[in-house]
Amino acid sequence: MFKINRSKRDGSAAGGFLFCFGISALLIPVFSLIATVIVGGLDDPTKHIGIFSLCALLLSALCSGIICGRVKQDGAVRFSALVALSVVLIMLLINLIISGGKISGGAFMNYGCYMGVLTMSSLLGGRNMRRRGHRH
């Protein structure tokens, strides 16, 4: 799906980090918008807000982890854990600013789930896929 030349992938660690960080930060609002549209079409939207927001967060972490694993195949778990940590710190900072310094325990649980899913899904993206068919 994402074909990146080896020279581009191994060229700059900072470039790969910024690319993965940008993708991770972009996918959260995209999946949240999709979840908002789905919840808006339900009969009782307030009843399902919590589960749909968690699903949006975890799906964005899953996609981000796979992309991070594809970008950085060597050391993908450490790299994606660093990307996840930086995204979580930004989300925590935004949460602190918006809430006035009060953070609920559920927020830390969401952040932990995000970090775990992104890190573990990088294993899926970092694996070398076997090509079937032609042998050279």
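This is a predicted model: local features need pLDDT of at least 70, side-chain atom pairs count only at pLDDT 80 or more; totals for chains, interfaces and linings use all residues.
How many of the contacts between residues at least 6 apart in sequence join residues at least 24 apart? The share in this chain is 79%, where contact means heavy atoms within 4.5 Å.

View 1. Residues are numbered from 1 along each chain as its sequence is written, and side-chain values use heavy atoms, with hydrogens and water left out. The chain has five helices and zero strands. Its pattern along the sequence reads α-α-α-α-α. Helices (H or I, at least four residues) and strands (E, at least two) are DSSP runs, numbered from the N terminus. Of the 136 residues, 28% count as buried. Buried means under 20% relative accessible area, exposed means over 50%, and partly exposed lies in between (1.4 Å probe, protein chains only). The accessible surface comes to about 9200 Å², and 66% of this belongs to carbon and sulfur atoms. Such areas come from the Shrake-Rupley method with a 1.4 Å probe; for residues, only the protein chains shown count as cover.

**View 2. Helix H2 packs against helix H3.** H2 spans residues 13-40, and its axis lies 8 Å from that of H3, at an angle of about 150 degrees. Axes are lines fitted to C-alpha atoms, for helices over the stretch in contact, and angles run from 0 to 180 degrees between N-to-C directions. H2 and H3 are therefore roughly antiparallel. Angles under 35 degrees count as roughly parallel, over 145 as roughly antiparallel, 65 to 115 as roughly perpendicular and the rest as oblique. The H2 and H3 crossing is right-handed. A crossing is right-handed if the near helix is turned clockwise from the far one by less than a right angle, and left-handed if anticlockwise. The residues in this contact of H2 with H3 are 18 nonpolar, five polar and no charged. Ala, Val, Leu, Ile, Met, Phe, Trp, Tyr, Cys and Pro count as nonpolar, Asp, Glu, Lys and Arg as charged, and the others, Gly among them, as polar.

**View 3. Leu 27 sits in helix H2**. Leu 27 is buried, with a relative accessible area of 17%. Setting aside neighbours within four places in sequence, Leu 27 touches Ser 60, Cys 63, Ser 64 and Ile 67. Leu 27 and Cys 63 are 36 residues apart in sequence, yet 8.0 Å apart in space, C-alpha to C-alpha.

**View 4. Helix H3 meets helix H4.** H3 covers residues 49-71 and H4 covers residues 76-99. Their axes are 9 Å apart, at an angle of about 140 degrees. H3 and H4 are therefore oblique to each other. H3 passes H4 in a right-handed crossing. Leu 57, Cys 68 and Gly 69 of H3 meet Ala 76, Phe 79, Ser 80, Val 83 and Met 91 of H4. This contact of H3 with H4 holds six nonpolar residues, two polar and no charged.

**View 5. Helix H4 packs against helix H5.** H5 spans residues 105-126, and the H4 and H5 axes are 8 Å apart at about 155 degrees. That makes H4 roughly antiparallel to H5. The crossing of H4 past H5 is right-handed.
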